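Trainee: Hi! Could we go through this structure together? I'd like to hear about helix packing and salt bridges.

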Amino acid sequence: MTSPGLADEWYYVGVDVGTASVRAALVTRGGQVKRAAEEPVHVWEPRPDHHEQSSEDIWTKCCSAVTKVTEGIVKDHVRGIGFDATCSLVVLDQNFQPVAVNLDGKNVVMWMDHRATKQASRITASGHRVMTRVGGVMSPEMQPPKLLWLKENLRESCWERAEHFFDLPDFLSWKATGSLVRSLCTLVCKWTYSPPEGWDDSFWTSIGLEDLLENNHSRIGERTCSPGDPVGAGLTPRAAAELGLMPGTAVSASLIDAHAGGLGVIGADVSGHRLPCENQPVTSRVALICGTSSCHMAVSQKPLFVPGVWGPYLSAMVPGLWLNEGGQSATGRLIDHVVFGHAAFSQLKQQAEKRCHVYSLLNRHLGEMAREHEHLDLLSAALHVWPDFHGNRSPLADQTLKGMVVGLSLSQTLDDLALLYLATVQAIALGTRHILDTMREAGHDISTLFLCGGLSKNPLFVRLHANTTGLPVVLPAEREAVLVGAAILGACASRDCSSIQVARQQSKPCFTQIYSAWSHG
């Protein structure tokens, strides 16, 4: 479709709710981001391993971001809206009011919250058959252990008051439409739902949550639909007014944020560049969505059971294909933690206008060190980082693991900070290699990495992943691939596209840069 001008184009809005911010984009039918906006969201950490948010704060920021990107646009030219979000747990009462998940009044247990580690271990020890679909180990980042923690620790103040438990992506589609239908993406990946059978009642009973079976599972979801399907009758009048859009605008069943990113990049056109995935099925590709944490999304024609890796999940990201999801619980957050806590950080802070500039300065400093001494990758030969500061999601699947640094001295110069930063990124890349090797051993045929997310904008991070895995790394031409993935959902819900596959083809995803092993950019 041609684009005669901003006023005459059809548009789709993608909304991505990440760990620290809400982002929205106005996207054309061809997959081009015309406008983008970002709003910060609050995170509360009342205790160690407790990470909380407010659903009201998140929705307010969604409305603000969408209003910004659609300002001045003819409202009926915005044909659909799609939401993606972190897989956090939202708790509401029978009147759809927030129910506190701690003593401070917040009602969202964030994805990264590890308060339910003991509950997760008990669920794993039960040996129930649903464990085969989560790599054999229940993670505290999934919803069953979080629900069990709430029942065991906040029975009167939360559990008995709670009438609706939402995954955050489903909360957003409900807030927009008033429909309680849940996305298969969230229920299958984070709640142990398994189509076409549905809920396994024996699982909930075996872990002590049999009360969730009441009223046809109304507290966790009676009805489901696939991502891209329209939800309800579109935007309610109230939601439309808050978002600055037309009532009835199509709203899609949502995706988890990593899955939206995978949808946005895994089908990129790389023809003519002699990549190993060229003329091969999409099953030869892995989408690495790297931000606060990282997710490694691999699809297959048949179900593959990978120890320590979530899945296989049918149609959770690409319709008709099985998904395995590996991950690292702290990547961008780990790098920030290591760099911002170092004594030499103050030197960089004085030079950097924005936080992202800190990493540009560090990358430049490492380049200077490499020119003076040796190959950049070898600078940290005497410094080693074990990156599981927030546990290991995959493939060891042990959230009790802690981080470690070996090779420190009493020196805290800028050189020391640069080397610690380098060793941390190398450790993350080695974690990716460990996950990919485990996937291959289980039957995945992986030849190319496709990256998106905040860390994909860091050339050192990208280059080290190419060097460490030995695979070519592809970056999308549209760097906001997660938002494009969410907008694709809106296009499907509007019926302007008949399926996610058609929408992906019309958006024409393509690459902007390819990194090969031992590449220098």
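This is a predicted model: local features need pLDDT of at least 70, side-chain atom pairs count only at pLDDT 80 or more; totals for chains, interfaces and linings use all residues.

Trainee: Okay, at what angle do helix 10 and helix 16 pack?

Mentor: Helix 10 (residues 257-265) and helix 16 (residues 481-493) meet at about 90°, and their axes are 7 Å apart. That angle is why helix 10 counts as roughly perpendicular to helix 16.

Trainee: And which residues make the contact?

Mentor: From helix 10 you have Asp257, Ala260, Gly261, Leu263, Gly264 and Val265. Helix 16 brings Ala481, Val482, Gly485, Ala486, Ile488 and Leu489. Sorted by class, the contact of helix 10 with helix 16 has eight nonpolar, three polar and one charged residues.

Trainee: What about helix 1 and helix 5, how do they cross?

Mentor: The axes of helix 1 (residues 55-69) and helix 5 (residues 168-177) cross at roughly 60° and come within 11 Å. Their crossing is right-handed. On the helix 1 side, Ser55, Ile58, Trp59 and Cys62 take part, and they meet Leu168, Phe171, Leu172, Lys175 and Ala176 of helix 5. That contact divides into seven nonpolar residues, one polar and one charged.

Trainee: New topic! How many salt bridges are there?

Mentor: The count comes to 17 salt bridges. As background, side chains of opposite charge can pair when their charged atoms come close.

Trainee: Which residue does Arg79 pair with?

Mentor: Arg79 forms a salt bridge with Asp496, at 2.7 Å from N to O. Arg79 is in strand 5 (residues 78-85) and Asp496 is in the loop between helix 16 and helix 17 (500-507), so the pair ties together parts that are 417 residues apart in sequence.

Trainee: Is Asp496 buried or exposed, then?

Mentor: Asp496 is buried, with a relative accessible area of 12%. Arg79 is partly exposed, at 29%.

Trainee: And what does Arg122 bridge to?

Mentor: To Glu152, where the closest N and O atoms are 2.4 Å apart. Since Arg122 sits in helix 2 (residues 117-126) and Glu152 in helix 3 (residues 143-153), this pair ties together parts that are 30 residues apart in sequence. Arg122 is partly exposed at 44% relative accessible area, and Glu152 is partly exposed at 41%.

Trainee: Where do Asp437 and Arg433 lie?

Mentor: Both are in helix 14 (residues 414-441), four residues apart, which is about one turn of the helix.

Notes
Residues are numbered from 1 along each chain as its sequence is written. Side-chain values use heavy atoms; hydrogens and water are left out. Axes are lines fitted to C-alpha atoms, for helices over the stretch in contact, and angles run from 0 to 180 degrees between N-to-C directions. Helices (H or I, at least four residues) and strands (E, at least two) are DSSP runs, numbered from the N terminus. A crossing is left-handed if the near helix is turned anticlockwise from the far one by less than a right angle, and right-handed if clockwise. Contact means heavy atoms within 4.5 Å. Ala, Val, Leu, Ile, Met, Phe, Trp, Tyr, Cys and Pro count as nonpolar, Asp, Glu, Lys and Arg as charged, and the others, Gly among them, as polar. Angles under 35 degrees count as roughly parallel, over 145 as roughly antiparallel, 65 to 115 as roughly perpendicular and the rest as oblique. A salt bridge is a side-chain nitrogen of Lys or Arg within 4 Å of a carboxyl oxygen of Asp or Glu. Buried means under 20% relative accessible area, exposed over 50%, partly exposed in between (1.4 Å probe, protein chains only).
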